[in-house]
Amino acid sequence: MQEENINLRRWCSDTDVGNNGNEVLQPEDDSSLNFFGNADSRTVALYTVVFTLIMPFVLYKYLDYLPQIKNISKRTKPNKEEVPLKKRIAYMVDVCFSVYPYAKLLALLFATIFLIGFGGLALYAVSDGSLAEALWLSWTFVADSGNHADSVGTGSRIVSVSISSGGMLIFAMMLGLVSDAISERVDSLRKGKSEVIEKNHILILGWSDKLGSLLKQLAIANKSVGGGVVVVLAERDKEEMEMDIAKLEFDFMGTSVICRSGSPLILADLKKVSVSKARAIIVLASDENADQSDARALRVVLSLTGVKEGLRGHVVVEMSDLDNEPLVKLVGGDLIETVVAHDVIGRLMIQCALQPGLAQIWEDILGFENDEFYIKRWSQLDGMQFEDVLISFPDAVPCGVKIAADSGKIILNPDDNYVLKEGDEVLVIAEDDDTYAPAPLPEVRRVGFPKVPELPKYPEKILFCGWRRDIDDMIMVLEAFLAPGSELWMFNEVPEKERERKLVDGGLDISGLKNIKLVHREGNAVIRRHLESLPLETFDSILILADESLEDSVVHSDSRSLATLLLIRDIQSKRLPHKDTKSTSLRLAGFSHSSWIREMQQASDKSIIISEILDSRTRNLVSVSRISDYVLSNELVSMALAMVAEDKQINRVLEELFAEEGNEMCIKPAEFYLFDQEELCFYDIMLRGRQRQDIVIGYRLANSERAIINPPKKSEPRKWSIDDVFVVISSVS
């Protein structure tokens, strides 16, 4: 048994020796097999790399032949008009980069992954490491180009340098994309393409020379609430708009002005300025001619009606021609309030020609710098007669009532016995909407005053220099205001036959004119010889109109008006010594006790000259030329636009005051309300004015330069002169 164990151990030891010999030889056989296996995979990797490098060049050279090979295989004739395949591929890539915003980023990501994979495969082909290790090295070379310095071997160094170069190129492309993205964002902010996140703001659509004075009025209107937000959307560069606004050198008193570049005709641009959240939208007339400007305003209104979210505020549209107003209101409905610039200025010019000094009063009332119209409800006044309401406000002058029972109709200058009912609101002239409130009735003397009869109207002689597109409407207004026997001389370059045709086309019945006679003279208003042919010393009023032929150019129009004004002044001054004193205006007799009005006429050589000035910068030039009265068109229109934007109801008031029917703003002599040197408080004069159905809103003293509207300390008595004049709202007789 023991011998068998010994033999078994010997056999096992012999077997171990044989096995050990096999173990020594086996690794050599396995390593040779692994070497040949690795050599095959690296060779395949090398061939793949070489094939990948060569293939783009081959495709680029022979890509256009693929459609021909396809046609040969299908035995079809080639199409000569077919676009080459290379151009089609380039076009597809271009469209892809243009349409998809993230295409460049995805292309860069794909290029980075491809470089890492391609570089790793190349490193694996020329090195002894594994494929995973080669891919990791490729990533480090792409991420940090300095890592390739540790490479060993010629093949590894060439591949690593190539990968590092590709990595630097990709890094440069990435920096370019980031830089472009930042530049586009900054450029978008600079050009005003970002969205406005505001509400209850005022939105101005368009750009014109009225914008400066309009922004000024809106800033003054919002001063009491600490300022507001005004957004301007125009087809101009944002930086240019901001520079032009900065040149105004006006303190906006807390109001922020935000400019955005875009078109009011594009809904996307309207949404960009939060059009649906604006409390008021102002559409400015463009600097084109009247028809083109109104056509553009109509398109803007159509765009506004197409806003899906609806509009919270009302829309104030500046129109150029009265004939186009009904079409805009038809499209916009009750949401639209229109201010016809030409019509407003034309009516104001006539009123100022017939009532010297009225221009300054209108500037005070229309602008927010002094006193303006406000409508508010006061429940404590319910049940009171309007006669008592009239003297219930120490810091305001009531002018009318908004009747709730009559669909909110506003009645100017109502009867004294009208009793305010629940829901009625009071229309007043006050400094601001928070500066007035009703107070207990003051002690006044309700003493009758002998009614001085209204002075009769005398025939007048008026000259129009220039031709306006709405001159037919101005003639109709004059027909309503002037006495029979008046003459209207029309001096312009339009031939007489063409004038009559234009007037008839405008709706004027020349044969139906009863109060005025038209006298036509043809000539150029800036040629002295032509002006000297006119009897300039005989006219009661001369109106220098902004000519229709120059309505596209504000500067040229004002230059022409100013030249005409200076020529007329010079001609009148030379003819004055030879002028018959008996030819003094009959209108002067109507204000025999009013030294102020008499001085206004005498300062202009017995004629009141009203010049239509479009640019506010011409104001100083006009003041130097001894003008007695003038109308600053853009200022007044901007004031009216701002006032209607703040409260759309005021438009009804302005329309009535500008019309030839209803109530008007006028100046009346003191002899209508008091005796010379009589001591009265302003409340007493207001009550005496009610005897003539007038609402006295202010006065101008004989020795004062400006009228005072809504005077303070109305209950304090003072002595009045018969040479003083009063500003009243009176019914047109």
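Select helix α11, residues 325–332; its buried residues are Glu325, Val328 and Gly332. Buried means under 20% relative accessible area, exposed means over 50%, and partly exposed lies in between (1.4 Å probe, protein chains only). Helices (H or I, at least four residues) and strands (E, at least two) are DSSP runs, numbered from the N terminus. Look down the axis of α11: the buried residues fall within an arc of 70°, so they line one face of the helix. The arc is that of the directions from the helix axis to the C-beta atoms. The face turned away from this buried side carries the exposed residues Pro326 and Leu330.

This is a predicted model, in which local features need pLDDT of at least 70 and side-chain atom pairs count only at pLDDT 80 or more, while totals for chains, interfaces and linings use all residues. Residues are numbered from 1 along each chain as its sequence is written, and side-chain values use heavy atoms, with hydrogens and water left out.

Now select α23, residues 650–658. Which residues of α23 are buried? They are Ile650, Asn651, Val653, Leu654, Leu657 and Phe658. Seen down the axis of α23, these buried residues fall within an arc of 155°, so they too line one face of the helix. An α-helix has 3.6 residues a turn, so residues three or four places apart point the same way.

**Salt bridges**

The whole structure has 30 salt bridges. A salt bridge is a side-chain nitrogen of Lys or Arg within 4 Å of a carboxyl oxygen of Asp or Glu. Side chains of opposite charge can pair when their charged atoms come close.

Select Glu235 and Arg296, which form a salt bridge with the closest N and O atoms 3.4 Å apart. Glu235 lies in the loop between β2 (229–234) and α8 (238–246) and Arg296 lies in helix α10, so the pair ties together parts that are 61 residues apart in sequence. Glu235 is exposed, at 54% relative accessibility, whereas Arg296 is buried, with a relative accessible area of 14%.

Go next to Arg377 and Asp382, another salt bridge, with the closest N and O atoms 2.8 Å apart. Arg377 is partly exposed, with a relative accessible area of 30%. Asp382 is also partly exposed, with a relative accessible area of 28%.

Then select Arg468 and Asp470, whose side chains meet in a salt bridge (2.6 Å, N to O). Is this pair buried or exposed? Arg468 and Asp470 are both buried. Also select Asp291, Asp321, Arg469 and Glu548, which are joined into one network by salt bridges that share partners.

**Surface patches**

Switch to a surface view and select Asp209, Asp287, Glu288 and Asp552, which form a negative patch. Patches are made of residues with over 30% relative accessible area and no salt bridge; like charges are joined within 9 Å, and nonpolar side chains (Val, Leu, Ile, Met, Phe, Trp, Tyr) within 5 Å. Lys and Arg count as positive and Asp and Glu as negative, while His and the chain ends are not counted. The place of a charge is taken as NZ of Lys, CZ of Arg, CG of Asp or CD of Glu. Asp287 is partly exposed, with a relative accessible area of 46%.

For a nonpolar patch, select Leu46, Val50, Phe51, Leu53, Ile54, Met55, Val58, Leu59 and Val126; together they have about 730 Å² of accessible area. Accessible areas come from the Shrake-Rupley method with a 1.4 Å probe, and for residues only the protein chains shown count as cover. Where does the largest share of the patch come from? Eight residues come from helix α1 (residues 2–62). Met55 is found in α1 and is partly exposed, with a relative accessible area of 31%.

**Loops**

Select Ser407, in the loop between β8 (396–403) and β9 (409–412). The phi of Ser407 is near 55°, a positive value in a residue other than glycine. Ser407 is exposed, with a relative accessible area of 77%.

Gln677, in the loop between β17 (663–669) and β18 (679–680), also has a positive phi, near 65°. Gln677 is partly exposed, with a relative accessible area of 46%.

Finish at Ile722, in the loop between β21 (718–719) and β22 (725–731). Ile722 counts as buried, at 17% relative accessibility.
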